[in-house]
Amino acid sequence: MQIQAVAPICRHTRSGILIALLCMAPAIAAALECSEVVFRDIRSTVCRVDIRTDRLQLFLADPSGRPYNSFRKVAESVSARKEQLVFAMNAGMYREDYSPVGLMVADGQQVHRLNMASGFGNFYLKPNGVFIVSATGAHIVESSEYRSLQPAATLATQSGPLLLHGGQLNSHISPQGTSRLIRNGVGVVSDHEVVFVISEDPVNFYDFAVLFRDQFHCADALYLDGNVSSLYSRSLGRADEHVPLGPIIGVTIAAQR
């Protein structure tokens, strides 16, 4: 099996809009790295985050309580506090009012409660899970395990289904799955290294899970969403604006003077 790594480039987004200003920007002085890969003939973009050096945050609403809905509005908001957004991705499923379907913890404060209900749709395809950052590092756990965790999470987002847990593929996803969409998810490589991945070609759950396992060597990976999947990468000159978004996860750095 041949896996081809593709160097970061400035290019058009899927919506066909060239982000010229971002392409002209100088290299960002941060550890965060985004690049393209080809795995099983499916193109994806991966952004590698080191939580020891990269300031990973969750965003939902501005100080007035209005949902951000877009990377542009998040970037404008952090700019007001002398920061730059260097990476962002939609961070989990959301309702019509853009509130999270499941748990959200931002800056150590619970924004929305854990959702242990059963229902229809990908979020409820069990086991689902929670991506967390705490004093012990980055982890992905089954939703049922979340309440027993110590220490408490400083950042958490719930989604589903789990793609990988303990190195094992979710038994509810099939190699023959016919649903193929642009999808995004998060995987944990170590307690400090996290990969956020968005497919550039339609992919089923199984191949997406195998990508995390075999290409990025993750033991645990969580599906974030599909069809609405979006990416902001300053280094790639990319700022997707396909649809209004709910929770957004991103990395900021101090603004350059």
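Modeller: Contact here means heavy atoms within 4.5 Å. In this predicted model, local features need pLDDT of at least 70 and side-chain atom pairs count only at pLDDT 80 or more, while totals for chains, interfaces and linings use all residues. Residues are numbered from 1 along each chain as its sequence is written, and side-chain values use heavy atoms, with hydrogens and water left out.

Biologist: What share of the contacts with a separation of 6 or more comes from residues 24 or more positions apart?

Modeller: Such residues account for 71% of those contacts in the chain. The chain has 257 residues, of which 54% count as buried; buried means under 20% relative accessible area, exposed over 50%, and partly exposed in between, with a 1.4 Å probe and protein chains only.

Biologist: Why is N90 called buried?

Modeller: The cut-off for buried is under 20%. N90 has 0% relative accessibility, so N90 counts as buried. N90 is found in strand β5; strands are DSSP runs of E with at least two residues, helices are runs of H or I with at least four, and both are numbered from the N terminus.

Biologist: What makes the pair of N90 and N184 a polar contact?

Modeller: A polar contact is a pair of N or O atoms within 3.5 Å; within protein, one must be able to donate a hydrogen and the other to accept it, and residues adjacent in sequence count only if both atoms are side-chain atoms. The side chains of N90 and N184 make such a contact at 3.1 Å. The N90 side chain also reaches the backbone nitrogen of S230, at 2.8 Å.

Biologist: How do you know that the buried residues of α2 are on the same side?

Modeller: The buried residues in helix α2 (residues 71-79) are F71, V74, A75 and V78. They cover an arc of only 100° around the axis, which puts them on the same side of α2. The arc is that of the directions from the helix axis to the C-beta atoms. These buried residues pack against β4, β5, β16 and β18. F71 is also one of the residues that N90 touches.

Biologist: What makes β7 and β9 edge strands?

Modeller: Two strands pair if DSSP finds at least two bridges between them. The open sheet runs β7-β6-β10-β8-β9, with antiparallel pairing. β7 (109-112) and β9 (137-142) each pair on one side only.

Biologist: How do you know that β8 and β10 pair?

Modeller: Five bridges join β8 (residues 129-134) and β10 (residues 155-159) in the antiparallel sense, against a requirement of at least two. I132 stands opposite A156 in β10.

Technical notes
Lists of a residue's contacts leave out its neighbours within four places in sequence.
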